[in-house]
Every structure is written in C-alpha cells, then in structure tokens.
Amino acid sequence: MTDEQIQALVATAKPYSLALLHWGPERAMDGADAIELEHQRRMVSLRADGVIAVLCPVGSGTIAGVAIMTVPADEAEKIMAGDPCVQAGMMRCEVHSCHGFPGDTLPA
C-alpha cells in the first residue's frame with residue numbers, strides 16, 4: 001500500500017458507533033430465556049432497519065455481542081438503553097464512536 005492509497009482510503013471513512021454488550025449480573029435470572037429472545041428480536045429488527053450495520057453475537061462468558069451502528073453514539077446509547085436485556089440487568093452496554101469504511105463486509 002502506498003501512502004496515497006492509504007490517504008485515499010482514510011478519506012472515505014464514515015462515522016459509526018460501536019456497541020459492546022457485556023453479560024451482567026442478572027444473566028441467569030428467572031425468565032432470562034424469554035427476555036433474551038426479545039433482545040434478539042429487537043437486535044435483528046434494528047439490523048433489518050439499517051440501524052445496525054454489522055451484528056456479531058459473541059460466545060463468551062463475559063461479552064454477549066458487538067454491533068456496529070449507523071447512528072451517532074448518543075443515539076446508539078439511547079437505543080441500547082431500551083434493550084430488554086439491558087433493562088433487566090442481564091447485559092450492560094458500552095458505546096464508542098468509531099469510523100469505518102463504507103462497503104466493508106464480512107466474508108461469505
């Protein structure tokens with residue numbers, strides 16, 4: 001990669017938000033399965049609506065998932081505060097501003 005190629009790529013960067021979902025203390029609470037199903041339904045709906053560009057559930061004991069969102073961080077925080085698992089204390093969400101390159105995709 002030449003310096004010019006790197007600069008050309010950097011010039012295409014767009015703002016996004018990175019939402020990191022961590023498992024919370026109420027992960028195994030009574031009714032957790034039903035609440036998590038509603039969380040999944042909501043996340044997939046946000047993806048279908050274009051609010052989430054990339055959705056990655058994580059199979060970890062500490063991190064529940066990662067989402068790259070197409071909205072500013074303050075809006076992403078409000079959206080994620082309404083998540084059923086976040087409201088129940090099953091997950092907590094940490095949002096960061098980030099930049100990405102439009103057209104990047106996950107390999108098929």
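Start by selecting Trp23: the bridge partner of Trp23 in β4 is Met91. Before you click on, a word on what you're looking at: this is a predicted model, where local features need pLDDT of at least 70, side-chain atom pairs count only at pLDDT 80 or more, and totals for chains, interfaces and linings use all residues. Residues are numbered from 1 along each chain as its sequence is written, and side-chain values use heavy atoms, with hydrogens and water left out.

**Stop 1: the sheet**

Now select strand β1, residues 14-23, together with β4: these strands pair in the antiparallel sense over 10 bridges. (Strands are DSSP runs of E with at least two residues, helices are runs of H or I with at least four, and both are numbered from the N terminus; two strands pair if DSSP finds at least two bridges between them.) Pick out Pro15 as well, and you'll find it opposite His99 in β4.

Click Leu20, and then its bridge partner in β3, Val66. What holds strands like these together? Strands of a sheet pair through backbone hydrogen bonds, either parallel or antiparallel.

Zoom out now. In what order do the 4 strands of the open sheet come? Reading across, they go β2-β3-β1-β4, with antiparallel pairing. The edge strands, each pairing on one side only, are β2 (52-57) and β4 (91-100). On average, neighbouring strands of this sheet are turned by 15° against each other, direction ignored (the axes are lines fitted to C-alpha atoms, for helices over the stretch in contact, and angles run from 0 to 180 degrees between N-to-C directions).

(Buried means under 20% relative accessible area, exposed means over 50%, and partly exposed is in between, using a 1.4 Å probe and protein chains only.)

**Stop 2: charged pairs**

How many salt bridges does a search of the whole structure find? There are 2, where a salt bridge is a side-chain nitrogen of Lys or Arg within 4 Å of a carboxyl oxygen of Asp or Glu.

For one of them, select Glu38 and Arg41, whose side chains meet at 3.2 Å, N to O. Both sit in helix α2 (residues 32-48), 3 residues apart, which is about one turn of the helix. Glu38 is partly exposed at 38% relative accessible area, and so is Arg41, at 47%.

Then select Asp83 and Arg42, a salt bridge at 4.0 Å, N to O. Asp83 is in the loop between α3 (73-81) and α4 (84-88) while Arg42 is in helix α2, so this pair ties together parts 41 residues apart in sequence. Is Asp83 buried or exposed? It's buried, with a relative accessible area of 0%, whereas Arg42 counts as partly exposed at 24%.

**Stop 3: the cysteines**

Select Cys85 and Cys93. The structure holds 0 disulfides, a disulfide being a pair of cysteine sulfur atoms within 2.5 Å. For Cys85, the nearest cysteine sulfur is that of Cys93, 11 Å away. Cys85 is buried, at 0% relative accessible area, and Cys93 is partly exposed, at 26%.
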